[in-house]
Amino acid sequence: MRTYRIATIPGDGIGVDVTAEAVKVLDRVLPGIEWTEFDWSCENYLRTGAMMPADGPERLAGFDAILLGAVGFPGVPDHISLWGLLIPLRRAFGQYVNLRPVRLLPGTTSALRDRDAADLDLLIVRENSEGEYSEIGGKHNPGRPDEFVLQESVFTRVGCERIIRYAFERASERAGRLCSATKSNGLIHSMPYWDEIFERIAAEYPAVETRQMHVDALAAEIVLHPDRLDVIVGSNLFGDILSDLAAAVTGGLGLAPSGNINPAHDAPSMFEAVHGSAPDIAGQGIANPVAQILAGAMLLDHLGEHSAAAAVDRAVTEVLGSGGPYTPDLGGTATTTDVGDAIADRASALLLPS
């Protein structure tokens, strides 16, 4: 059995709580993982003035993958925590795909009336390295009546082509339907350019049924007709917003994993829950660990450990579908550890010879 070196960055708040459960589950299905924990967080920022050391990317470069907890804490502005840790790592390691599977899990209830699991099974492919999340711009004439800020978006041909082609590949593996999020009626340069590239690449995939929808109409489609959607591809900002909306309608952010993927496998990819750090409930033992555990399953799958990944995914499905245990956000009274133990036990049992 191959040994993997995996870095963990538990981060802040419930990131610490749920990462511990994900590590426990992965240890049960893939013994021999060598874990290294890095205490990079908002607490570290308050102590040292930096979310992570200047050589942080270099220290992580030799790992096979990264498991990231949530970051964010009162007193540290969100743009500090995001641009001090998550975004630099995404860009340093070529993680240009943010992959967010969204589905209605057994034992959970959608926020949408009369919708079941068959209606809510989406894959959102978000561009993760450019677009609207750009450092280009600044504040001008500060403190004066004519003060203004400038925020530039960056859409490169390489960036657009590779994320759209990646989405077509994923759609080809699923139901063969791909919807592109655009806003070409309002964003006069970036979105028409995105649309042109989407249409050109679509010609290479004649078997994939395509749609292009303005992002506001697509948000409504997720709520009104999610069964019409399968794979969605969007820019950095659009993909971020749509994936949180989709997760919310399928039961909440506590159930949604994500991966920051380097498709070339020439640097580590990074996996995390979609939810935030929820410092108000940190350390109370009531955070839902399912999203982080499913992020761990994505990590295993990315490493090629498909049987172990499938066992974790199925264990989550079976535990939730058979009555829990459930944390309070799902209407139960179980602790974070209770849920982690139940999933770990079931995943381990699924891997035993029958």
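Here are some friendly notes on helix packing, pockets and backbone details in this predicted model.

1. **Helices α7 and α8.** Let's start with the pair formed by α7 (residues 215-224) and α8 (residues 236-249), whose axes lie 10 Å apart at an angle of about 15°. Since angles under 35 degrees count as roughly parallel, that makes α7 roughly parallel to α8. The crossing of these two helices is right-handed. On the α7 side, the contact is made by Val215, Leu218, Ala219, Ile222 and Val223; on the α8 side, the partners are Phe238, Leu242, Leu245, Ala246 and Val249. By class, the contact of α7 with α8 has 10 nonpolar residues, with no polar and no charged ones.

2. **Helices α5 and α6.** The next pair is α5 (residues 157-173) with α6 (residues 190-202), where the axes come within 10 Å and cross at roughly 45°. α5 and α6 are therefore oblique to each other, and α5 passes α6 in a right-handed crossing. From α5, the contact takes in Arg157, Cys160, Glu161, Ile163, Ile164, Arg165 and Phe168. They meet Tyr193, Trp194, Ile197, Phe198, Arg200, Ile201 and Ala202 in α6. The residues of the contact of α5 with α6 divide into 10 nonpolar, no polar and four charged.

3. **Helices α1 and α9.** What angle do the axes of α1 (residues 14-29) and α9 make? They cross at roughly 45° and come within 8 Å. That makes α1 oblique to α9, and the crossing is right-handed. α1 brings Val18, Thr19, Glu21, Ala22, Val25, Leu26 and Val29 to the contact, while α9 supplies Gln292, Ile293, Gly296, Leu299 and Leu300. Eight nonpolar, three polar and one charged residues make up the contact of α1 with α9.

4. **The largest pocket.** For anyone thinking about pockets, the largest pocket holds about 770 Å³ of space. Its lining has 31 residues, and those nearest its centre are Leu99, Pro101, Leu123, Met298 and Asp301. Two or more lining residues come from each of β4 (97-103), β5 (121-127), α5, β11 (257-261), α9 (290-302) and α10 (306-321). Which element gives the largest share of this lining? That is α9, with five residues. By class, the lining of the largest pocket has 19 nonpolar, five polar and seven charged residues.

5. **The second largest pocket.** About 520 Å³ of space lies in the second largest pocket. It is lined by 25 residues, with Val71, Leu82, Leu86, Val274 and His275 closest to its centre. The elements giving two or more residues to this lining are α4 (78-92), α8 and β12 (269-273). The largest share, six residues, comes from α4. The lining of the second largest pocket divides into 10 nonpolar, eight polar and seven charged residues.

6. α5, whose axis crosses that of α6 at roughly 45°, is among the elements that give two or more residues to the largest pocket's lining. α8 packs with α7 at an angle of about 15°, and α8 is also one of the elements that give two or more residues to the lining of the second largest pocket.

7. **A cis peptide bond.** If you are preparing the backbone, have a look at Gly324 and Pro325, which are joined by a cis peptide bond with omega of about 20°. Where does Pro325 lie? Pro325 is in the loop between α10 and α11 (336-351).

8. Asn141 lies in the loop between β6 (137-140) and β7 (148-151).

Terms used. Residues numbered from 1 in each chain as written. Predicted model: local features only at pLDDT ≥ 70, side-chain atom pairs only at ≥ 80, totals over all residues. Heavy atoms only, no water. Axes fitted to C-alpha atoms, helices over the stretch in contact; angles between N-to-C directions. Helix = DSSP H or I, 4+ residues; strand = E, 2+ residues; numbered from the N terminus. Parallel < 35°, antiparallel > 145°, perpendicular 65-115°, else oblique. Left-handed = near helix turned anticlockwise from the far one by under 90°. Contact = heavy atoms within 4.5 Å. Nonpolar A, V, L, I, M, F, W, Y, C, P; charged D, E, K, R; others polar. 1 Å grid on protein atoms, 1.4 Å probe; cavity = no way out; pocket = protein on both sides within 12 Å on 5 of 7 lines; lining within 4 Å. Points joined across faces, edges and corners; volume = space filled by probe spheres on them.
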